[in-house]
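Here is a short briefing for a first look at this structure. Keep the sequence and the 3D view side by side as you read.

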Amino acid sequence: QALNANLPKDISVLNCSKQADKFNAQFHAKSKLYRYVIWNDRERSPLNSRFSFHFSQKLDLAPMKKAAIFLLGRQDFSSFKGSKGITKSQTRTIKKIQVKKKNHFIIVDIEGDGFLYNMVRNIVGTLLDVGRGKLKPKDVERILSLCDRTKAGPTAPARGLTLLKVKY
């Protein structure tokens with residue numbers, strides 16, 4: 001309660017535990033689960049606009065799900081890195097990726113051992129291009145193999161992205 005009394009209202013500590021002095025929250029994580037939420041309707045939703053990205057074009061989920069399969073496994077994600085990302089290796093493992101629809105929401109859940117700067121948002125931008133027919137699902141496999149950021153879709157806005165869980 002003492003911590004929460006001193007934190008901004010949008011942050012809350014649920015529990016804490018003592019860790020070794022050498023513990024690093026970023027580098028000791030075994031996996032991270034991100035969720036990207038898209039409000040897919042012709043009209044925007046003022047009630048949902050803070051935590052979802054409004055995408056007014058109709059999206060076809062079936063090709064998006066097929067495209068997502070190509071992202072699974074350990075591979076080079078250079079095509080999905082952000083311009084500010086500085087890492088020795090662009091190889092990451094996507095353990096799980098789900099694309100699902102609930103009413104007007106399209107939800108993309110991605111779990112991996114780590115992510116490059118803007119990687120999730122760049123993946124979502126590419127999946128949006130697949131969902132609106134600009135790309136075919138098989139194009140995602142080709143984009144991965146090219147290791148060229150300019151071949152993938154645009155970077156989706158940050159407001160739809162949430163870090164749901166970190167596993168240690």
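Start in the loop between H4 and E6, where Cys147 has its place. Phi of Cys147 is near 50 degrees, a positive value in a residue other than glycine. This is a predicted model. The chain has four helices and six strands.

**Two residues with positive phi**

- Cys147 sits in the loop between H4 and E6. Its relative accessibility is 36%, so Cys147 counts as partly exposed.
- Asn103 also has a positive phi, of about 55 degrees, although it is not a glycine.
- Asn103 belongs to the loop between E4 and E5. With 65% relative accessibility, Asn103 counts as exposed.

**Overall layout**

- Read from the N terminus, the elements follow the order α-β-β-α-β-β-β-α-α-β.
- The radius of gyration is 17 Å, close to the 15 Å that the globule rule gives for 168 residues, so the chain is as compact as a globular protein of that length.
- Along the principal axes, the C-alpha atoms fill a box of roughly 50 × 40 × 25 Å.
- Of the 168 residues in the chain, 39% are buried.
- Take the contacts with a separation of 6 or more: 67% of them join residues 24 or more positions apart.
- The chain has an accessible surface of about 10800 Å². Carbon and sulfur atoms hold 52% of that surface.

**Aromatic pairs**

- There are five aromatic pairs in the structure. One of them joins Tyr34 and Phe115, with 5.2 Å centre to centre and 90 degrees between the planes, an edge-to-face arrangement.
- Tyr34 is in strand E1 (residues 31–39), while Phe115 is in the loop between strand E5 (105–112) and helix H3 (119–131), so this pair ties together parts 81 residues apart in sequence.
- Tyr34 is buried, at a relative accessible area of 18%. Phe115 counts as buried too, at 17% relative accessibility.
- Trp39 and Phe105 also pair: their ring centres are 5.0 Å apart and their planes stand at 75 degrees, so the pair is edge-to-face.
- Trp39 belongs to strand E1 and Phe105 to strand E5, so the pair links parts that are 66 residues apart in sequence.
- Trp39 is buried, with a relative accessible area of 12%. Phe105 is partly exposed, with a relative accessible area of 22%.

**Helix H2: one side in, one side out**

- Which residues of helix H2 (residues 61–69) are buried? They are Leu61, Pro63, Met64, Ala67 and Ala68.
- What covers the buried residues of H2? The cover includes strand E4 (91–102), E5, H3 and helix H4 (137–146).
- Asp60 caps the N-terminal end of H2. One of its side-chain oxygens lies 3.3 Å from the backbone nitrogen of Ala62.

**Asp129 in helix H3**

- Helix H3 contains Asp129. Is this residue buried or exposed? Its relative accessibility is 5%, under the 20% cut-off, so Asp129 counts as buried.
- Leaving aside neighbours within four places in sequence, Asp129 is in contact with Lys134, Leu135, Gly153 and Pro154.

**Val166 in strand E6**

- Strand E6 (residues 161–167) holds Val166. At 27% relative accessibility, Val166 counts as partly exposed.
- Not counting residues up to four places away in sequence, Val166 touches Ala29, Ser31 and Lys32.

Definitions and conventions:
Residues are numbered from 1 along each chain as its sequence is written. This is a predicted model: local features need pLDDT of at least 70, side-chain atom pairs count only at pLDDT 80 or more; totals for chains, interfaces and linings use all residues. Side-chain values use heavy atoms; hydrogens and water are left out. Rings of Phe, Tyr and Trp (its six-membered ring) pair if their centres lie within 6.5 Å; planes under 30 degrees apart count as stacked, over 60 as edge-to-face and the rest as tilted. Buried means under 20% relative accessible area, exposed over 50%, partly exposed in between (1.4 Å probe, protein chains only). Contact means heavy atoms within 4.5 Å. A polar contact is a pair of N or O atoms within 3.5 Å; within protein, one must be able to donate a hydrogen and the other to accept it, and residues adjacent in sequence count only if both atoms are side-chain atoms. The radius of gyration is taken over C-alpha atoms; the globule rule is 2.2 Å times the number of residues to the power 0.38. Accessible areas come from the Shrake-Rupley method with a 1.4 Å probe; for residues, only the protein chains shown count as cover.
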